[in-house]
Amino acid sequence: MSLAVGDFIPEWVMESVTPERMCTMAAILRDPNPIHWDRDAVDALPLGLGKRTINQGPLGLSYIINMLHAWAGPNALRRIVMRFPQVVLDQERVVAKGNISALREEHGITLADCTVWLEHAERGVLLEGIATVVFPPPKMPELESNFETAALKEHE
Amino acid sequence: MHTALFGYLPTGASANSTQETNRQMRKRPIPLEAEITRLVGHRFPGGSYTVAHWENFLLTQCTGAELLCDGQVHPVALFHLPITGAGTSIAEMFELGQAESDLSIMIESYDWEMFLPLQEDTCYSVSGGINGAQRCTNPEGKLYDRIVFCFEVHTPENILAARTTITWHYTRDTL
């Protein structure tokens with residue numbers, strides 16, 4: 001795969017954010033915040049969101065990860081930093097998008113720094129951040145040496 | 001500094017128009033600034049966490065993705081694995097910052113560094129604590145406390161597999 005700064009990453013679409021998935025996630029995370037599973041609690045907030053649950057931050061972030069996995073492979077993601085300017089609500093259709101903002105070499109590995117965001121057709125950017133992806137994506141046997149070296153250097 | 005809170009408020013929902021409701025919803029007084037700043041250096045007990053197949057299956061399904069190959073855990077686990085593995089919980093993290101209510105927490109950012117793919121049925125050791133805690137004022141003059149939690153996840157061979165940083169805003173007298 002040839003890469004260039006400005007290249008767009010193929011989009012990843014979550015057709016409908018479902019309250020059922022938020023409930024499952026809340027149980028696994030042991031997240032006591034009712035905004036993720038109680039529509040009445042959200043409706044009672046002075047935010048005008050109505051009776052719609054609010055997606056967990058990590059779930060919105062995971063849509064970005066899914067986009068990066070589909071593009072570069074499941075072993076390629078090195079770092080992701082996300083901010084959350086707007087909430088994601090149940091039943092919304094959201095699209096993960098991104099592009100390459102920089103290419104660099106580090107410890108003999110090519111890294112692509114990407115600008116990434118989660119977008120809603122009417123409300124615009126809901127999440128935004130940066131991700132660093134390894135190219136070419138390491139295969140499993142290569143992982144130990146490449147990532148261990150990087151991890152040890154991080155540790156030093 | 002980015003303030004997640006104002007992004008949270010949809011168009012037309014001004015803080016001024018909701019002050020009465022806010023007062024009714026306030027559940028505890030605003031802590032002293034010193035009570036917040038002295039959280040820096042707080043360490044969680046530490047411990048370990050193993051992601052079982054069923055858990056990875058459900059987590060991955062929640063993200064809308066297919067299960068990854070060869071028992072690889074979806075990185076979305078990097079939220080709760082460090083928290084639980086370090087011997088704390090979301091509820092305790094809310095309490096440490098004296099959150100007014102569960103509803104008053106806003107996310108500033110999540111920073112996940114991945115050095116090795118996580119695997120199912122692997123016992124990761126986790127350490128963590130609070131790296132930053134400060135009182136802030138947003139552009140509209142509202143107080144909030146910004147608390148930064150940092151966690152490290154190590155393999156059974158003591159190799160750093162991941163590092164995560166959670167930055168939350170504990171809003172005060174806003175919701």
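## Strands in chain B

Two strands count as paired if DSSP finds at least two bridges between them. Keep in mind that this is a predicted model. With that in hand, look at strand β3 (residues 123–137) of chain B and strand β4 (residues 143–154) of chain B: they pair in the antiparallel sense over 12 bridges. One bridge you can pick out joins Thr137(B) to its partner Leu143(B) in β4(B). β3(B) and β4(B) form a hairpin, with five residues between them. In the turn sits Gly141(B), with a positive phi of about 85 degrees.

β3(B) also pairs with strand β1 (residues 47–50) of chain B, again in the antiparallel sense, over four bridges. Here Thr50(B) stands opposite Cys123(B) in β3(B).

Now hop over to strand β5 (residues 160–171) of chain B, where you'll find Arg163(B). Is Arg163(B) buried or exposed? Its relative accessible area is 14%, and the cut-off for buried is under 20%, so Arg163(B) counts as buried. Its side chain makes a polar contact of 3.1 Å with the side chain of Glu152(B).

## A helix in chain A

Over in chain A, helix α3 (residues 57–72) has 16 residues. At 1.5 Å a residue α3(A) should span 22 Å, and its end C-alpha atoms are 23 Å apart, which agrees.

How enclosed is α3(A) by the rest of the structure? Largely, because 15 of its 16 residues are buried. Just after α3(A) comes Gly73(A), which takes a positive phi of about 100 degrees.

Note on methods: Residues are numbered from 1 along each chain as its sequence is written. Chains are lettered from A and ligands numbered from 1 in the order in which they are written. This is a predicted model: local features need pLDDT of at least 70, side-chain atom pairs count only at pLDDT 80 or more; totals for chains, interfaces and linings use all residues. Side-chain values use heavy atoms; hydrogens and water are left out. Helices (H or I, at least four residues) and strands (E, at least two) are DSSP runs, numbered from the N terminus. Buried means under 20% relative accessible area, exposed over 50%, partly exposed in between (1.4 Å probe, protein chains only). A polar contact is a pair of N or O atoms within 3.5 Å; within protein, one must be able to donate a hydrogen and the other to accept it, and residues adjacent in sequence count only if both atoms are side-chain atoms. The expected span of a helix is 1.5 Å times one less than its number of residues.
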